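Hi everyone, thanks for coming along.

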Amino acid sequence: MMFAQTNDKVAAKAKKIHFSSLVMDTHIDVTPKLQGEWKFGERHTTGHIDQPRMKEGGLNGLFFSIFMPGTVTGPKAVNDAILRIAAVHKLAEDMPDQIMLCRTAADVREAHKKGKIAGLLGMEGGHMINNSLPVLRMYAELGVRYLTLTHSVNTDWADSSGDQPKSNGLSNFGKDVVRELNKLGIMVDISHVSDKTFWDALEVSKAPMIASHSSCRSISGHPRNMTDEMIKALAAKGGVIQINYLDSFIDPELYEWTQKTQAARRDLMQQFQNEPRETAMPKIREELVRQFGPAPKVSWERIVEHIDHAVKLVGVDHVGLGSDFDGGSMPVGMEDCTKLPQITEALLKKGYKEKDIRKILGLNTVRLLADVERIAGQMHSGK
Ligand SMILES: [Zn+2]
């Protein structure tokens, strides 16, 4: 009985902290839906976020991901990126009382004070600059506040974790891109890049960097996650790792299962290529389960394990949230953004202090934005 009462008390305190905090998520893939008939302001039963569910989950700041496959290149990538950015601008215009398009740390604080969602733009993949610094400058004008150097394949100037090395990390032009990002006050995002690209970017960047949606490789070996050594080096230069929630990233057994089934899945996709995805996918899944056994189930609590691991490595100032909502499969118990308050509760139960929880929930991201802005300002004034 005593125990239950204590638990209730913790839950009530967690709720109070969570719903009075700025809760920022630095990677959400809802953006393509904004380009169609789908309404952000309505509650949906599919997908991971919309405005009513953000309210219910106490999520009040996000980076809308401007993403497209890295195989889309050239002028088409620029054209499509601009259309995607325009959809976010339009959303902020259509819902002025609910969403504020933010460009600076001060904007984010103002949005939170006014009870509005702070909406920012994060560009997921250097392919969208089409090898052009002037194009990058125009993205800065449109409000882009981080550039992930690569997506899942190499760009002409940076290697991706999902591809074979080509530039041995960053090429000379890739280093120019990092310097330009510093000058523009855009965060250098190292999620998705190869380890060598990470180390090259860390060396070149004058500003602290972000991993907008990556988890810890020492818990789960996915190459999209960061090694302890990388997390320490990122933090030592003031950067922040934003923990990714995707089940195949955070759980070692599921990661192993996806590795084991990869070749068979590829063959089956080939076999079913003429069938519509909706009917083909269940058949493929069924066949994989028959051959390899069911995929391990992953609990949302793994997310907290990754947060805690990173905090133990580098302290509470260098860890945040980057869910990848709408970008893949979520663990059990994190079906959508309404489930977020339980992260706060779990951290509180682990003994985290209120002020530290607020840092992880969003304040670290705002500090990072402010640091990157300040360094850009110094570069312009020639200091
Ligand atoms: Zn991604």
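This is a predicted model: local features need pLDDT of at least 70, side-chain atom pairs count only at pLDDT 80 or more; totals for chains, interfaces and linings use all residues.

Residues are numbered from 1 along each chain as its sequence is written.

Where do the two domains sit in the chain? Domain 1 is made of 2-251 + 298-380, and domain 2 is 252-297. Their contact takes 9 residues from domain 1 and 7 residues from domain 2, where two residues are in contact if their C-beta atoms, placed from the backbone, lie within 7 Å. On the domain 1 side, the touching residues divide into 3 nonpolar, 4 polar and 2 charged. For that count, Ala, Val, Leu, Ile, Met, Phe, Trp, Tyr, Cys and Pro are nonpolar, Asp, Glu, Lys and Arg are charged, and the others, Gly among them, are polar.

Now the chain as a whole. It has 15 helices and 9 strands, which are DSSP runs numbered from the N terminus (helices H or I, at least four residues; strands E, at least two). The radius of gyration is 20 Å, close to the 21 Å that the globule rule gives for 383 residues, so the chain is as compact as a globular protein of that length. That radius is taken over C-alpha atoms, and the rule is 2.2 Å times the number of residues to the power 0.38. Along the principal axes, the C-alpha atoms fill a box of roughly 65 × 55 × 45 Å.

How much of the chain is buried? The share is 47% of the 383 residues, where buried means that 20 or more other C-beta atoms lie within 10 Å of a residue's own, exposed means 12 or fewer, and partly exposed is in between, with C-beta atoms placed from the backbone. Among contacts with a separation of 6 or more, 75% join residues 24 or more positions apart.

Next, a pair of helices. Helix 14 (residues 341-349) and helix 15 (residues 354-380) have axes that come within 10 Å and cross at roughly 150°. The axes are lines fitted to C-alpha atoms, for helices over the stretch in contact, and angles run from 0 to 180 degrees between N-to-C directions. Helix 14 brings Thr344, Leu347 and Leu348 to the contact, and helix 15 brings Ile357, Ile360 and Leu361. Those residues divide into 5 nonpolar, 1 polar and no charged.

Further along helix 15 we find Ile375. Ile375 is partly exposed, with 19 other C-beta atoms within 10 Å. Leaving out residues up to four places away in sequence, Ile375 touches Asn182, Lys206 and Ala207. Gln378 is in helix 15 too, and counts as partly exposed with 13 C-beta neighbours inside 10 Å.

Let's move to the loops. Asn131 lies between strand 4 (117-124) and helix 6 (133-142). Asn131 has a positive phi of about 55°, although it is not a glycine, and is partly exposed, with 15 other C-beta atoms within 10 Å.

Asn168 is in the loop between strand 5 (144-148) and helix 7 (172-184). Asn168 also has a positive phi of about 55° without being a glycine. Is Asn168 buried or exposed? With 11 C-beta neighbours inside 10 Å, Asn168 counts as exposed.

Ser161 lies in the loop between strand 5 and helix 7 as well, but with 20 C-beta neighbours inside 10 Å, Ser161 counts as buried. Apart from neighbours within four places in sequence, Ser161 is in contact with His192, Val193, Ser194, Pro223 and Arg224.

My last stop is Asn225, in the loop between strand 7 (210-211) and helix 9 (228-236). Asn225 counts as buried, with 25 C-beta neighbours inside 10 Å. Which residues does Asn225 touch, not counting those up to four places away in sequence? They are Ser214, Ser215, Cys216, Arg217, Ser220 and Phe249.

Methods:
Domain bounds come from an automatic or database domain assignment.
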